[in-house]
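Welcome, and have your viewer ready. We will go from one selection to the next and look at what is there.

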Amino acid sequence: MLVLGIETTCDETAAAVIERAPDGSGRILSNIVRSQVDEHARFGGVVPEIAARAHVDLLDGIIDRAMREAGIGFAQLDGVAAAAGPGLIGGVIVGLTTAKAIAMVHDTPLIAVNHLEAHALTPRLTDAIEFPYCLFLASGGHTQIVAITGVGHYVRLGTTVDDAIGEAFDKVAKMLGLPYPGGPQVERAAAGGDAARFAFPRPMLGRPDANFSLSGLKTAVRNEASRLAEITQQDISDLCASFQAAVLDSTADRLRVGLRLFREQFGAPTALVAAGGVAANQAIRGALHDVARQAGTEPIMPPPALCTDNGAMIAWAGAERLALGLTDSMEALPRARWLLDANATAPAGYGKTRAGY
Ligand code: KG4
Ligand code: ZN
């Protein structure tokens, strides 16, 4: 089964071709990602209108490269998948409309994929793992612990009540004058810093639910930074190291609780899997590894390039759905918001949460 996947929900324009064998294993034939970081850098974050226009300019060429690198023609495709949300609506429209056009012209099935589902199913492409497994999804827009019990069967066990982890990394970077995108910059700065210099709070530590909170920690970093008269490179490194250490402690605790809730509801997971851009962080990967081992389950971390947004994950999720006969009509709508777990509600006892709780 050959599937083309298109990703345009944020600031990566991406297309890929994957092959799924009858035994359920997958192979990446091409995976082209064009980051728009340069287009957005001077604004310190993603500008939706610029992103949408860049997707329009770039997507045709990216798809062409993906097809040529895979060495196939459109007529050979068994399906075309696009991320139909959640994400910045302008970009989503560009990707989904392009997929519809290809599907229509070449009379091949369309699969409108949930971007989060694509992150969630990636470890089945990279590591061929079986259901059920526990997913830790941490990106710029989402921070969730999810039980993945089958294709289309997702139960959210925990979520952030305010900022996403990636968002907190980006905001800390911004307040310290580090360039966008901030996550990798904070990680780099933290490597040369003293994690014990600032005693930042460990949000949610010890709570019986598996939810996250990042905004108080972010504010604590801002307060310490503003207390320093003149901020040196060493101060920045120490602030980053102390911030990252707090995120790690909190994340490890939340994952331990998440795994406990998983076992109570679904039995032993086959693995604890990391996904999303934050899973490119080596320290986060280390924490997830330790928590999984302590809990007697397998830590699985797809390579960083498949943790951050890419087309292969969309193509793969499309292939998994196609194999089950789950295709979409030309009426499929682009969606700015689209919960992975349709039954999930906003976590109780907190104020209004962000998109995609
Ligand atoms: O999944 P992703 O590529 O895009 C979405 O948000 O969907 O994730 C991007 C996020 C950004 O917030 C970025 O700062 C963060 O992942 N990130 C990192 C690292 N690399 C990317 N955060 C911490 N450490 C990193 N090394
Ligand atoms: Zn993503």
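Start with helix H5 (165–175), which gives the largest share of the lining of the largest pocket, 7 residues. This is a predicted model, where local features need pLDDT of at least 70, side-chain atom pairs count only at pLDDT 80 or more, and totals for chains, interfaces and linings use all residues. Residues are numbered from 1 along each chain as its sequence is written, chains are lettered from A and ligands numbered from 1 in the order in which they are written, and side-chain values use heavy atoms, leaving out hydrogens and water.

Next, select Cys10, Ser139, Gly140, Gly141 and Asp170, which lie nearest the centre of this pocket among its 46 lining residues. The space here is about 1,300 Å³. Colour domain 1 (2–126 + 305–337) and domain 2 (133–301): both give residues to the lining, so the largest pocket lies between them. Those bounds come from an automatic or database domain assignment.

A pocket here is an open set of points on a 1 Å grid over the protein atoms alone, where a 1.4 Å probe fits, with protein on both sides within 12 Å along at least five of seven lines; lining residues have an atom within 4 Å of a point. A volume is the space filled by probe spheres set on the points, which are joined across faces, edges and corners.

Helices (H or I, at least four residues) and strands (E, at least two) are DSSP runs, numbered from the N terminus.

Now move to Asn114, Arg321, Trp338, Leu339 and Leu340, the closest to the centre of the second largest pocket, out of 17 lining residues. Its volume is about 310 Å³.

Finish at Phe200: which residues does it touch? Leaving aside residues up to four places away in sequence, they include Leu217, Val221 and Phe243, where contact means heavy atoms within 4.5 Å.
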